[in-house]
Protein chains: 2
Amino acid sequence: MTSEQSRIRGVLSPVLTPFNADQSPDPDRFVRHCRWLIDQGVGLAIFGTNSEANSLSVAEKRKLLDTLIEAGVPAAQMMPGTGACALPDAIEMTRAAVQAGCAGVLMLPPFYYKGVSDEGLFRAFASVIDAVADARLRIYVYHIPPVSQVPITPALVERLMKAYPGVIAGMKDSSGNWDNTATMLREFQPHGFDVFAGSENFLLATMRGGGAGCITATGNVNPRAIVSLYHHWQDADADQRQAGLDRTRAAFAKFPMIPAMKAAIAWKTGNDAWCNVRPPLVELDSAQRTALHAALDEVGFEMPNAAMVA
Amino acid sequence: MTSEQSRIRGVLSPVLTPFNADQSPDPDRFVRHCRWLIDQGVGLAIFGTNSEANSLSVAEKRKLLDTLIEAGVPAAQMMPGTGACALPDAIEMTRAAVQAGCAGVLMLPPFYYKGVSDEGLFRAFASVIDAVADARLRIYVYHIPPVSQVPITPALVERLMKAYPGVIAGMKDSSGNWDNTATMLREFQPHGFDVFAGSENFLLATMRGGGAGCITATGNVNPRAIVSLYHHWQDADADQRQAGLDRTRAAFAKFPMIPAMKAAIAWKTGNDAWCNVRPPLVELDSAQRTALHAALDEVGFEMPNAAMVA
């Protein structure tokens, strides 16, 4: 992850949130994991989908953010997720992120009501921006229709960029639909709207299309190879590197992603507390863990300096 | 709405939340609307989908609940919605409802993550029940897959009833799928699980199937006729009454339901502040309001004592 013209770019990861056995977040392990990610060159999209962030209260998230800041983890490398169903929650989290000096925020639309209009979504984002009222605010809109079921259309992006130039800074596209990412790259990237692919599967294509990088779950577990492709996407072996990333991701994707990534870290660190997830998620069972280890061994998976995260 | 064997039954309504022009809730108008509903014989399923409850923060909801209690609105006629994506939020709201003496709570499953397992949903409900740890707790599970996208299956209901007999008190079925309601009535109603239809369209069928009533959006605007069918479902003209309810609901359903119900109240009370909704919802425009008035006139819509709600 690098910073150019005060904009965050590169590879970021929705940081997995470590839980204790009683389902409370483990702030110390969270700090250690964030430091390890920074060491690997990965930016911190804390409080993303893969962070189980929507299973955390606003108070819990604010406490975790404060803990990171107090621990000296650089806010300039953070892009916290701050979107919420309730605008007061989105405003509170966004304000906290801006005041902490975060590089930007990754903002889900309100996602309870389905089939809502672009006018309603525009008003939702506008309400947050107007309430936070801080020139430092940089919003990356979060398009993840498979989960949120509430898409962010090109027409909405265009309207937001016109109304809030500079504030609307980019997008994470987790649609899994390359045509949509290509549209965003073509229409908006040239106008200062940084497009991040929502997984490393599209990292090379995104870089070739002029994009800013990717924000990807598996950055939590396979950062080195992903960051390496980001830096070497113009090299002759880029397609080969991309194929390698895809193989590792596919090994994880045979299982529920969040529990699988946590199980992989538990395996490599020897700390089974990493397996803990919050309901409604469920940890991998013993047979799944065995199968995961085999699938990861097959693609030569390793976690450098895993002890840092234990 | 009546209370039998200390269980709430009859017609309840997800109480519309009145907002001021600045999007803040209007507690006084909320109290007035609740009093009017009680006068009409309708129970208070405050903080439901049609209350825009997921657009409210936990703090806002707790304040509104406190306001009702302080105003002397009877908690025994309340079934607040308390489900949330984040378990700490669901626990806090559920605990507040129980401590206020509410008849029960209507609980959404955590709804951000899709495709989750019954095991994960069981753990989510169990976590709330175990944390609240109060023998007064009565949970009505809220099945509304068109919005939540996270269904509550018969298998999950069965497991919850076995693990928490007495606490798991019933369901609101907003699937819109009569086969599902019929299954719930057949399998669980005889075992003390009160099935409420999610709209008055299924009120008569639900009563004939031994159910407990309905929890319906249009209870906010058409309470008298709906409550009347509840009391007279065994009368000879019950089918005719049901057809009348269906016609009125269909008139509202030509428009986005929440803004349309609010516009109808604004029309009948003369208070345009009733039109206010929170993003991502959008109020009806002037042409839609004119069309709504015509559609409602056509079915003979009226709001008795509307001035109470103004």
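The face of helix α9(B) that is turned away from its buried side carries two exposed residues, B:R224 and B:H231. This description rests on a predicted model, for which the predictor gives an ipTM of 0.96 and a pTM of 0.96 for the complex. Chain A has an average pLDDT of 97, and 98% of the residues score at least 70.

**Helix α9 of chain B**

- Helix α9 of chain B spans residues 223-231, and its buried residues are B:P223, B:I226, B:V227, B:L229 and B:Y230.
- Seen down the helix axis, these buried residues of α9(B) fall within an arc of 155 degrees, so they line one face of the helix.
- In an α-helix there are 3.6 residues a turn, so residues three or four places apart point the same way.
- The partners against which the buried residues of α9(B) pack are the strands β2 (7-13) and β8 (213-215) together with the helices α1 (27-39), α8 (203-208) and α10 (238-253), which belong to chain B.

**Helix α7 of chain A**

- Helix α7 of chain A covers residues 178-187, and A:T181, A:M184 and A:L185 are its buried residues.
- These residues cover an arc of only 100 degrees around the axis, which puts them on the same side of α7(A).
- The elements of chain A that cover the buried residues of α7(A) include the helices α6 (154-163) and α8 (203-208) and the strands β6 (168-173) and β7 (194-197).

**The contact between the chains**

- Chain B contributes 31 residues to the contact, and chain A contributes 31 residues.
- On the side of chain B that touches chain A, the elements giving two or more residues are α3 (87-100) and α4 (118-132) of chain B.
- Helix α4(B) supplies the largest share of that side of chain B, namely six residues.
- Sorted by class, the side of chain B that touches chain A holds 18 nonpolar, seven polar and six charged residues.

**How the two copies are related**

Key. Residues are numbered from 1 along each chain as its sequence is written. Chains are lettered from A and ligands numbered from 1 in the order in which they are written. This is a predicted model: local features need pLDDT of at least 70, side-chain atom pairs count only at pLDDT 80 or more; totals for chains, interfaces and linings use all residues. Two residues are in contact if their C-beta atoms, placed from the backbone, lie within 7 Å. Helices (H or I, at least four residues) and strands (E, at least two) are DSSP runs, numbered from the N terminus. Ala, Val, Leu, Ile, Met, Phe, Trp, Tyr, Cys and Pro count as nonpolar, Asp, Glu, Lys and Arg as charged, and the others, Gly among them, as polar. A residue is buried if 20 or more other C-beta atoms lie within 10 Å of its own, exposed if 12 or fewer, and partly exposed in between; C-beta atoms are placed from the backbone. The arc is that of the directions from the helix axis to the C-beta atoms. pLDDT is the predictor's confidence in each residue, from 0 to 100.
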